[in-house]
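Have a look at the model first, then work through the points below.

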Amino acid sequence: MIIGSHVSFKKDEQLVGSVKEAISYNSNTFMFYTGAPQNTSRIPIDDSLTLKAKKLMDENDIDINNVIVHAPYIINPANSKNEDFNVSFLKEEIKRVEKLGVNKLVLHPGSHVGLGKEEGIKNIIECLNKVVKDDMKVTICIETMAGKGTELMYDFNDIKYLIDNIKIKDKVKVCLDTCHVNDAGYDIKTVIDEFDKIIGLENLKCIHVNDSKNDRGAHKDRHENIGFGTIGFDNLINIIYDERLKNIPMILETPYISKKDGEKEKIYPPYKFEIEMIRNRKFNNNLLEDIRNYYK
Ligand code: FE
Ligand code: FE
Ligand code: ZN
């Protein structure tokens, strides 16, 4: 099982800090943003820190081929009004990801913001065709979305159409988010078969493992802790342990747990505990309390 979570990437320690955080959760992979997800200001990558991080990864059985970078979600490839910015930022981000030695970049395909679905999809394809190069080492993984607002790519048929229309083949693949596919209307029990039938499992390169706060088809996109949402522990375990998916990195993006500390409310990461529960294959109803007690 290749499992990890979203971790931070901070100025002073960069990738070293991300690896340390992943290790503290007993992960063997992780995902991070190279800067704040809601903006595009990025610090230069320090190669000496990257080298140090790679040593730490080697010592802890983390294969960098399973590590994921998530592109900032403020870029909207579906909106051609920002095309120049989208293309130039994505190109820079790919360079940064390559410099770090990571080879998977998850990208939200974006929202059509009133342009209509067809126009939006056309824009995404045009943007990607400008970004994708023959010699690039990074695979862009389009994330399956919930269909909130005018969000595109919640329908597997659209994703298939998109990847079929990328001129340079094999550089654009898919990241499946369990919360998003549930909210998009797919039945979690059969969603992997459905994905295989329409897109093909050979195109699946990353899985985001999240429970959902909302019912199937709600088009909402609000993540819940593993086993505490409408998808449920057993359905998530069936996906995580699906033999066909055993070489695909699985990334948790579940919400932090809040805890009152006097007047203040503090939040703590659930990942160490959720990963342990997943490895044990046994639901812990007391998980959230256990987390609050651990972080004293
Ligand atoms: Fe995402
Ligand atoms: Fe996700
Ligand atoms: Zn989400």
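Let's start at Gly 17, which sits in helix α1 (residues 15–24); helices (H or I, at least four residues) and strands (E, at least two) are DSSP runs, numbered from the N terminus. Gly 17 is buried, at a relative accessible area of 18%, where buried means under 20% relative accessible area, exposed over 50%, and partly exposed in between (1.4 Å probe, protein chains only). Its C-alpha atom is 9.3 Å from that of Leu 49, a residue 32 places away along the chain.

Some ground rules: this is a predicted model, in which local features need pLDDT of at least 70 and side-chain atom pairs count only at pLDDT 80 or more, while totals for chains, interfaces and linings use all residues. Residues are numbered from 1 along each chain as its sequence is written, chains are lettered from A and ligands numbered from 1 in the order in which they are written, and side-chain values use heavy atoms, with hydrogens and water left out.

**The iron ions**

- The iron ion (ligand 1) has His 70 (NE2), His 108 (NE2) and Glu 143 (OE) as its protein donors, at 2.1 to 2.3 Å. Donors here are N, O and S atoms within 2.8 Å of the metal (3.2 Å for Na, K and Ca), and water is not among the atoms, so sites may look incomplete.
- Along the sequence, these donor residues are spaced H-x37-H-x34-E.
- His 108, in the loop between β4 and α4, and Glu 143, in strand β5 (residues 139–143), link distant parts of the chain, 35 residues apart.

**The zinc ion**

- The zinc ion (ligand 3) takes His 180 (NE2), Asp 221 (OD) and His 223 (NE2) as protein donors, 2.0 to 2.3 Å away.
- Their spacing along the chain is H-x40-D-x1-H.
- His 180 is in helix α6 (residues 178–184) and Asp 221 is in the loop between β8 (211–212) and β9 (223–224), so this pair ties together parts 41 residues apart in sequence.
- His 180 and Asp 221 are both buried.
- From the zinc ion (ligand 3) to the iron ion (ligand 1) is 5.3 Å.

**The largest pocket**

- How much space lies in the largest pocket? About 290 Å³.
- Of the 13 residues lining the largest pocket, His 6, Tyr 33, Tyr 73, His 223 and Glu 253 are the closest to its centre.
- A pocket is defined on a 1 Å grid over the protein atoms alone: where a 1.4 Å probe fits, it is an open set of points with protein on both sides within 12 Å along at least five of seven lines, and lining residues have an atom within 4 Å of a point.
- Grid points are joined across faces, edges and corners, and the volume is the space filled by probe spheres set on them.

**Two buried side chains**

- His 112 is in the loop between β4 (104–107) and α4 (117–131), and is buried at 14% relative accessible area.
- The His 112 side chain reaches the backbone nitrogen of Gly 114 at 3.0 Å.
- Lys 173 belongs to strand β6 (residues 172–177) and is buried, at 9%.
- The Lys 173 side chain makes a polar contact with the side chain of Asn 203 (3.2 Å). Such a contact is a pair of N or O atoms within 3.5 Å; within protein, one must be able to donate a hydrogen and the other to accept it, and residues adjacent in sequence count only if both atoms are side-chain atoms.

- Seven of the ten residues of α9 are buried, and the buried ones pack against β1 (3–6), α1, α8 (233–240), β10 (250–252) and α10; contact means heavy atoms within 4.5 Å.
- Most residues other than glycine have a negative phi.
- Arg 281 follows α9 and has a positive phi, near 55°; Arg 281 is partly exposed at 49%.
- Asp 170 is not a glycine either, yet its phi is positive at about 70°, and Asp 170 is exposed at 57% relative accessibility.
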